[in-house]
Amino acid sequence: MGCCRAPSLWLCPTRPITASRSFRSLSIPACVNASSNSTPPSSASYGRRWFNPVLSKPPTEIVRRWVEPDAYHSTPPQERFTVVSYNVLGDRNALKHGDLYRYVPSVYLNWDYRRPVICEELLQLSPDIICLQEVDKYYDLLNVLEKAGYAGSYKRRTGDYVDGCAMFWKADKCQLLEGESIEFKQFGLRDNVAQLSVFEMPEGSETGSRRVVIGNIHVLYNPHRGDVKLGQIRFLTSRAYILSEKWENAPVVLAGDYNSTPGSAIYKFLSSSELNILLHDRKELSGQRRNRNTVLRLRREKNTLFVLMDRFLNKCGWTDEEINVATGTSNHIIMHPLKLNSSYAAVKGSVRTRGSNNEPLATSYHSKFLGTVDYLWYSDGLVPTKVLDTVPINALVKIGSLPSKKLGSDHLPLAAEFAFIQCDREENEVIT
């Protein structure tokens, strides 16, 4: 089906991010359906007709801008490429998990409404490579993106799930050299999947053709199974490294929803390439549960010294099977072969959009979560030349929850432009 264009532009390369002041923060009773403007059920105790502020007030203006690093990179345009990572919220998941979207008007959850909004977001960004997660309407998206010059591939999750990962690329700029799909179920790592593709970009390069390995993953959500999350990421980085070596040390970009927050042990593993899992509680590895009753839990723990000793002696609650799932061996040290950096952490953004470690304050927002779980990681041989800054927290709060009128998912699309650089992998030095 075709894709209608949104009534107004939401991307701006020069203007700062702004938010309309006419849309105030809302507090909607949980018993009221935010998608209705009608009188509430008779069981509700109301003396007058309920007025729905979500549908009756102008929407918050969402404008995002590109930000560049402090250090200028004088690489020509043909030495650069852009990548988008976007969890588009599967249609089935939107309907199945209604408790997450209780403050979202039902029209904004409808796929027929969200599809053109998502397509418009992608077409306005016009990236060279698109990595999508939670896709269960692949051909709806392909029909639109093909007309814009993209080719695509799709890998559905195993088991009874209907969503998966999809990758699209501009056919006139990116030549697909090799692609593979990963079914983690084959390795005892649940029904999640990932994609890896090797692209060549021959057009106009002064140093000849350029190759890059692109990875796309949607890591297991379950906060309690940090061992499975680590196992999935470990396997993806290992396969990406093998492809990189096969194609003459091609640099790597790993996109996706990692279901792990900045500052978590899993984030540390990705950024430092190593982690001693026995120093961490398996259920806290992703950081998703970190802020829940932390103080109360600590107060309830008596004889703290003995508790810590017991945890150490008992491998912090890790079983041998869980250690094997996480590390692939009986060793409690997990490692990956890539030297990765986060593209957003490498490019300073606004204090209204970034946290203390320079990661976005939020890439996902629904009634039970407001935070960052999406990333664009890159390896040696690349440098980010700009990233699309995220939406300020105050603007998201004014919206109330995602999806919204102008944002088609409960996640924000991340976008980064990368430049190829000459880098000695052994010395880890940029050659100028």
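**Side-chain contacts and burial: questions and answers**

Guide: In this predicted model, arginine 157 lies over the face of tyrosine 161, at 3.8 Å from the ring centre.

Visitor: What makes the charged end of lysine 386 count as sitting over the ring of tryptophan 66?

Guide: The charged end of lysine 386 is 4.7 Å from the centre of the tryptophan 66 ring.

Visitor: Why is the pair of tyrosine 138 and phenylalanine 168 called stacked?

Guide: The structure has 14 aromatic pairs. In this one, the ring centres are 5.6 Å apart and the planes meet at 20°. Centres must lie within 6.5 Å and planes under 30 degrees apart, so the pair is stacked. Tyrosine 138 belongs to helix H5 (residues 138-147) and phenylalanine 168 to strand S5 (residues 164-170), so the contact ties together parts 30 residues apart in sequence.

Visitor: How do you know whether tyrosine 138 is buried or exposed?

Guide: Tyrosine 138 has a relative accessible area of 8%. Buried means under 20%, so tyrosine 138 is buried. Phenylalanine 168, at 0%, is likewise counted as buried.

Visitor: Why is the contact of aspartate 112 with arginine 115 called a salt bridge?

Guide: The closest N and O atoms of aspartate 112 and arginine 115 are 3.4 Å apart. The limit is 4 Å, so the pair qualifies. Both residues lie in helix H4 (residues 111-125), 3 residues apart, about one turn of the helix. Aspartate 112 is exposed at 53% relative accessibility, whereas arginine 115 is buried at 6%. The structure holds 16 salt bridges.

Visitor: What makes glutamate 248 and arginine 211 a link between distant parts of the chain?

Guide: Their side chains meet in a salt bridge of 3.7 Å, N to O. Glutamate 248 is in the loop between helix H6 (226-246) and strand S9 (252-257), and arginine 211 is in strand S8 (residues 210-218), 37 residues apart. Glutamate 248, at 65% relative accessible area, is exposed because the value is over 50%. Arginine 211, at 25%, counts as partly exposed.

Visitor: How do you know that cysteine 165 is in no disulfide?

Guide: The structure holds 0 disulfides. For cysteine 165, the nearest cysteine sulfur, that of cysteine 131, is 8.7 Å away. A disulfide requires sulfur atoms within 2.5 Å, so cysteine 165 is in none. Cysteine 165 is buried, with 1% relative accessibility.

Definitions and conventions: Residues numbered from 1 in each chain as written. Predicted model: local features only at pLDDT ≥ 70, side-chain atom pairs only at ≥ 80, totals over all residues. Heavy atoms only, no water. Buried < 20%, exposed > 50% of the residue type's maximum accessible area, 1.4 Å probe, protein only. Phe/Tyr/Trp six-rings, centres within 6.5 Å; stacked < 30°, edge-to-face > 60°. Helix = DSSP H or I, 4+ residues; strand = E, 2+ residues; numbered from the N terminus. Lys NZ or Arg CZ within 6 Å of the ring centre and 35° of its normal.
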